[in-house]
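Please consult the sequence and the structure shown below while reading.

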Amino acid sequence: MPKYYSVAVLKHNLKPLTYQSQSPLQVGDIVQVPLNERSCKGVVLSACEEPSFECKEASPTNFYLNAPQMLLLEFIAAYYCSTPSLAATLFTPFSKSQKPLAPLKPSPNLSP
(Lines give C-alpha, C1' and ligand atoms only; values in the text may rest on other atoms or scores of the structure.)
Protein backbone atom coordinates (compact mmCIF):
# COMPACT_ATOMS: atom_id res chain seq x y z
CA MET A 1 0.00 0.00 0.00
CA PRO A 2 1.61 3.29 -1.05
CA LYS A 3 2.23 6.18 1.32
CA TYR A 4 1.82 9.80 0.26
CA TYR A 5 4.33 12.61 0.70
CA SER A 6 4.54 16.34 0.15
CA VAL A 7 7.65 16.94 -2.00
CA ALA A 8 9.42 20.18 -2.89
CA VAL A 9 10.75 19.75 -6.44
CA LEU A 10 14.24 21.25 -6.58
CA LYS A 11 15.09 24.15 -8.92
CA HIS A 12 11.44 24.88 -9.69
CA ASN A 13 9.37 27.74 -8.33
CA LEU A 14 6.46 25.46 -7.43
CA LYS A 15 4.47 24.86 -4.30
CA PRO A 16 5.06 21.38 -2.79
CA LEU A 17 3.50 18.56 -4.82
CA THR A 18 2.05 15.26 -3.61
CA TYR A 19 3.70 12.01 -4.67
CA GLN A 20 3.30 8.39 -3.59
CA SER A 21 5.97 5.86 -2.71
CA GLN A 22 5.90 2.14 -2.04
CA SER A 23 9.01 2.41 0.13
CA PRO A 24 8.86 4.40 3.37
CA LEU A 25 10.47 7.85 3.20
CA GLN A 26 11.67 10.23 5.90
CA VAL A 27 11.39 14.00 6.04
CA GLY A 28 14.50 15.35 4.31
CA ASP A 29 15.01 12.39 1.96
CA ILE A 30 15.98 13.36 -1.58
CA VAL A 31 13.76 11.58 -4.12
CA GLN A 32 13.58 11.29 -7.88
CA VAL A 33 10.15 12.44 -9.15
CA PRO A 34 8.51 12.85 -12.55
CA LEU A 35 7.51 16.40 -13.50
CA ASN A 36 5.91 17.03 -16.86
CA GLU A 37 7.95 14.62 -18.93
CA ARG A 38 11.22 14.97 -17.11
CA SER A 39 12.75 13.39 -14.07
CA CYS A 40 13.65 15.83 -11.28
CA LYS A 41 15.00 15.66 -7.77
CA GLY A 42 12.90 16.71 -4.81
CA VAL A 43 13.03 16.75 -1.03
CA VAL A 44 10.36 15.14 1.17
CA LEU A 45 8.75 17.82 3.37
CA SER A 46 6.15 15.69 5.15
CA ALA A 47 3.90 12.66 4.99
CA CYS A 48 0.31 13.44 4.06
CA GLU A 49 -3.09 11.86 3.69
CA GLU A 50 -4.15 10.06 0.53
CA PRO A 51 -5.44 12.71 -1.90
CA SER A 52 -8.54 12.41 -4.05
CA PHE A 53 -6.45 12.40 -7.24
CA GLU A 54 -3.95 9.94 -8.69
CA CYS A 55 -0.32 10.55 -7.73
CA LYS A 56 2.92 9.74 -9.50
CA GLU A 57 5.66 7.64 -7.91
CA ALA A 58 8.62 9.11 -6.00
CA SER A 59 11.76 6.96 -6.05
CA PRO A 60 14.19 7.15 -3.12
CA THR A 61 17.83 8.11 -3.67
CA ASN A 62 20.91 7.74 -1.50
CA PHE A 63 20.87 11.37 -0.34
CA TYR A 64 19.12 13.38 2.37
CA LEU A 65 18.99 16.73 4.14
CA ASN A 66 19.48 16.50 7.90
CA ALA A 67 17.19 18.00 10.57
CA PRO A 68 19.08 21.33 10.97
CA GLN A 69 19.05 21.81 7.19
CA MET A 70 15.30 21.15 7.06
CA LEU A 71 14.67 23.63 9.87
CA LEU A 72 16.75 26.27 8.09
CA LEU A 73 14.99 25.48 4.80
CA GLU A 74 11.60 26.20 6.41
CA PHE A 75 12.91 29.43 7.96
CA ILE A 76 14.43 30.69 4.68
CA ALA A 77 11.25 29.92 2.73
CA ALA A 78 9.07 31.77 5.28
CA TYR A 79 11.41 34.72 5.96
CA TYR A 80 12.15 35.45 2.30
CA CYS A 81 8.61 34.66 1.04
CA SER A 82 10.06 31.91 -1.14
CA THR A 83 8.92 28.41 -1.96
CA PRO A 84 10.51 25.45 -0.15
CA SER A 85 11.54 24.22 -3.61
CA LEU A 86 13.81 27.21 -4.24
CA ALA A 87 15.11 27.34 -0.66
CA ALA A 88 16.08 23.65 -0.80
CA THR A 89 18.45 24.29 -3.70
CA LEU A 90 20.74 26.18 -1.29
CA PHE A 91 21.72 23.00 0.55
CA THR A 92 24.17 20.22 -0.23
CA PRO A 93 22.66 16.85 0.69
CA PHE A 94 24.45 14.17 2.68
CA SER A 95 24.99 10.66 1.32
CA LYS A 96 23.39 7.75 3.20
CA SER A 97 26.23 5.46 2.12
CA GLN A 98 29.06 7.75 3.26
CA LYS A 99 30.72 6.81 6.53
CA PRO A 100 30.34 9.41 9.27
CA LEU A 101 33.37 11.59 9.76
CA ALA A 102 35.68 10.65 12.62
CA PRO A 103 35.78 13.15 15.45
CA LEU A 104 38.63 15.63 15.22
CA LYS A 105 41.63 15.00 17.40
CA PRO A 106 42.38 17.80 19.82
CA SER A 107 45.17 20.01 18.56
CA PRO A 108 48.35 20.09 20.62
CA ASN A 109 48.88 23.01 22.93
CA LEU A 110 51.80 24.92 21.42
CA SER A 111 51.77 27.78 23.92
CA PRO A 112 54.92 28.13 26.05
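## Loop residues with positive phi

With a relative accessibility of 70%, Lys11 counts as exposed; the term exposed applies over 50% relative accessible area, buried under 20%, and partly exposed in between (1.4 Å probe, protein chains only). The model is predicted: local features need pLDDT of at least 70, side-chain atom pairs count only at pLDDT 80 or more, and totals for chains, interfaces and linings use all residues. Residues are numbered from 1 along each chain as its sequence is written, and side-chain values use heavy atoms, with hydrogens and water left out.

Lys11 is located in the loop between strand 1 and strand 2. Helices (H or I, at least four residues) and strands (E, at least two) are DSSP runs, numbered from the N terminus. Although Lys11 is not a glycine, its phi is positive, at about 65°. Cys81, also not a glycine, has a positive phi of about 50°, and its place is in the loop between helix 1 and helix 2. The table sets out both residues.

| Residue | Phi | Relative accessibility |
|---|---|---|
| Lys11 | about 65° | 70% |
| Cys81 | about 50° | 72% |

Six strands make up an open sheet in the order 2-1-4-3-5-6, with antiparallel pairing. Two strands are taken to pair if DSSP finds at least two bridges between them. Strand 2 and strand 6 (94–95) are the edge strands, each pairing on one side only.

Strand 1 (residues 3–9) pairs with strand 4 (residues 38–48) in the antiparallel sense over six bridges. Within this pairing, Ala8 stands opposite Val43 in strand 4, and the bridge partner of Tyr4 in strand 4 is Cys48. Strand 1 is also joined to strand 2 by five bridges, and these two strands run antiparallel; here Val7 has Leu17 of strand 2 as its bridge partner. Six of the seven residues of strand 1 are buried, so this strand is largely enclosed by the rest of the structure.

Gln22 belongs to the loop between strand 2 (17–21) and strand 3 (29–35). Leaving aside neighbours within four places in sequence, Gln22 is in contact with Met1, Pro2 and Glu57, where contact means heavy atoms within 4.5 Å. The C-alpha atoms of Gln22 and Ser59 are separated by 8.6 Å, the two residues being 37 residues apart along the chain.

## Helix packing and nonpolar cores

Helix 1 (residues 67–79) lies across strand 4, strand 5 (59–64) and strand 6, and runs at about 95° to strand 4. Axes are lines fitted to C-alpha atoms, for helices over the stretch in contact, and angles run from 0 to 180 degrees between N-to-C directions.

Which residues have the most contacts inside the largest nonpolar core? They are Val43, Leu45, Leu65, Met70 and Leu73, in a core of 13 residues. A nonpolar core is a set of buried Ala, Val, Leu, Ile, Met, Phe, Trp, Tyr and Cys residues joined through side-chain atoms within 4.5 Å. Strand 4, helix 1 and helix 2 (84–88) are the elements that give two or more residues to this core. Helix 1 gives the most, with four residues. Not counting residues up to four places away in sequence, Leu73 touches Leu45, Leu65, Pro84, Ala87, Ala88 and Phe91. Apart from this core lies another, of 11 residues, among them Tyr19, Val31, Val44 and Ala58.

## Salt bridge and aromatic pairs

The structure holds one salt bridge, a term for a side-chain nitrogen of Lys or Arg within 4 Å of a carboxyl oxygen of Asp or Glu. It is formed by the side chains of Lys96 and Asp29 (3.4 Å, N to O). Lys96 lies in the segment after strand 6 and Asp29 in strand 3, so the pair ties together parts that are 67 residues apart in sequence. Lys96 counts as partly exposed at 42% relative accessibility, whereas Asp29, at 7%, counts as buried.

A search of the whole structure finds three aromatic pairs. The ring centres of Tyr79 and Tyr80 are 4.9 Å apart and the planes are at 80°, so this pair is edge-to-face. Rings of Phe, Tyr and Trp (its six-membered ring) pair if their centres lie within 6.5 Å; planes under 30 degrees apart count as stacked, over 60 as edge-to-face and the rest as tilted. Both Tyr79 and Tyr80 are exposed. Ring pairs link Phe75, Tyr79 and Tyr80 into a cluster.
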